[in-house]
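Dear colleague,

Please find below the structure that I am handing over to you. My findings follow directly after it.

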Amino acid sequence: MPPAPLTALTALSPLDGRYARQLESLRRDLSEFGLIRHRVAVEIAWLLTLAERADIEGIGPFSTAARATLVAIAEAFAESDAERVKAIEAQTNHDVKAIEYWLTEKVAGNGELERAAGFIHFACTSEDINNLAYARMVRNARGVLAAQLEALQARLVELAHAHADLPMLARTHGQPATPTTLGKEIANFVYRLREARTRFETIPIRGKINGATGNYNAHLAAYPAVDWEALARGFVEAMGLEFNPYTIQIEPHDGLAELFDALARVNTILIDLDRDMWGYIALGYFRQHAVAGEVGSSTMPHKVNPIDFENSEGNLGVANALLRHLAEKLPVSRWQRDLTDSTVLRNVGVAFGHSLLGYVSLARGLAKIEADPVRLAEDLDDNWDVLAEAVQTVMRRHGMPNPYEQLKALTRGMGGIAPEALRDFIRGLDLPEAERAQLLALTPATYLGKAAELARRI
């Protein structure tokens, strides 16, 4: 049977099949095309930097036309160019060397650039190019994820404010607990997401361009008078990256590991949100809008399943499995270099892709929900025993004997208490009249503390 052509239906990865359209924003940077394109950009930037130096003889300075030609090669890099690079790689069995040979082909016939072709990839090891290419790719992709997270956070703020005053029965250990508001519970996630986003979005991404073992050996052999470390620092920082002065052959990936850990923390918070929203829908606290033409079950026509939150949870779980492997593996390299990081780094796009899918699904789910105040009120009205906390705490304040034990005997394991039974207990307490009146007026729906205020403040 002949092999099937690669299409969305035959792709092994659902990222390139079922979900391909949702990931267009990542594909330009995190695909193999993106990697090759960024490698080309780094090689050309290095060549242009060398040509600007008066103390590096034999290469420049380039004319305005020559510089424009090189810039255009980088900016106009197309899929057909990447295919030619891959054809060269098939002969060399070396992906970065194929970039060098391709660039040499591209400048052939331009006398000025052809004479400088020997300075393409000058004094570089492959990792000098690769680490900077990946750093640029991750930086750009982080921007895509950050934009999605910002939109998610904005939606959650909107929900927190809209439902700041809507009373809700809390559940600790799955059991009825001190009431809160629906908005306050969403505000909790806003705060957590905001903190985690800040860490993810501000972790510096590092780079290096210092040769085969990080010591500028070849650089100094050719041009001993050049301050190569200063040149390398300026080159890396001009790309918007943080310069790492101490490396082996590879940039040790500690910064990337920190970033992947931070992204996994963001995803973990959103998994927690997915599960809570799933639970609130199951309790009836939220209704989901039915979409015309959609089917919830192949056999139960009535169903509107919380599939967006389930899809989000699943994709974020896959993303985190990869992100945690990336974070644990990438900083570990035998002696001055082994190649295990190379194949692992090619999965950054997979981890980011599943993360993005998780955010898109969660946003879709949040757009479909509507709170049900009647259902929320029913649960509160069925659980007057949650006021036992308030009553025994006021009793403590006034030095009454065994307040906790008295309320425990009245309420624990009783399957709820009737409002009037609780009020009769309060009426029998030797309390100042003002405190007694306050407790008698209390209901599960008004025992909210600062919940509404905290939700509005987020």
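**Helix H4**

The expected span is 1.5 Å times one less than the number of residues; helices are DSSP runs of H or I with at least four residues, strands are E runs of at least two, and both are numbered from the N terminus.

This is a predicted model, in which local features need pLDDT of at least 70 and side-chain atom pairs count only at pLDDT 80 or more, while totals for chains, interfaces and linings use all residues. Residues are numbered from 1 along each chain as its sequence is written, and side-chain values use heavy atoms, with hydrogens and water left out.

The buried residues of H4 are Asp-81, Ala-82, Val-85, Ile-88 and Glu-89. Here buried means under 20% relative accessible area, exposed over 50%, and partly exposed in between (1.4 Å probe, protein chains only). Seen down the axis of H4, these buried residues fall within an arc of 115°, so they line one face of the helix; the arc is taken from the directions between the helix axis and the C-beta atoms. Helix H2 (32-51) and helix H5 (95-107) are among the elements that cover them. On the other side of H4, Glu-79, Ala-90 and Gln-91 are exposed. Asn-93, with a positive phi near 55°, follows the helix.

**Nonpolar cores**

A nonpolar core is a set of buried Ala, Val, Leu, Ile, Met, Phe, Trp, Tyr and Cys residues joined through side-chain atoms within 4.5 Å. The largest has 123 residues, of which Phe-62, Trp-228, Phe-260, Leu-270 and Phe-352 touch the most other members. Helix H7 (residues 126-162) gives the most to this core, with 16 residues. A second, separate core of 18 residues includes Ile-417, Leu-422, Leu-442 and Tyr-447.

**Two individual residues**

Asn-320 lies in helix H12 (residues 307-329) and is buried, with a relative accessible area of 3%. Its side chain makes a polar contact (a donor and acceptor pair of N or O atoms within 3.5 Å; residues adjacent in sequence count only if both atoms are side-chain atoms) with the side chain of Asn-267, at 3.0 Å.

His-289 lies in the loop between strand S5 (286-288) and H12 and is partly exposed, with a relative accessible area of 37%. His-289 and Ile-307 are 18 residues apart in sequence and 12 Å apart in space, C-alpha to C-alpha.

Notes:
Contact = heavy atoms within 4.5 Å.
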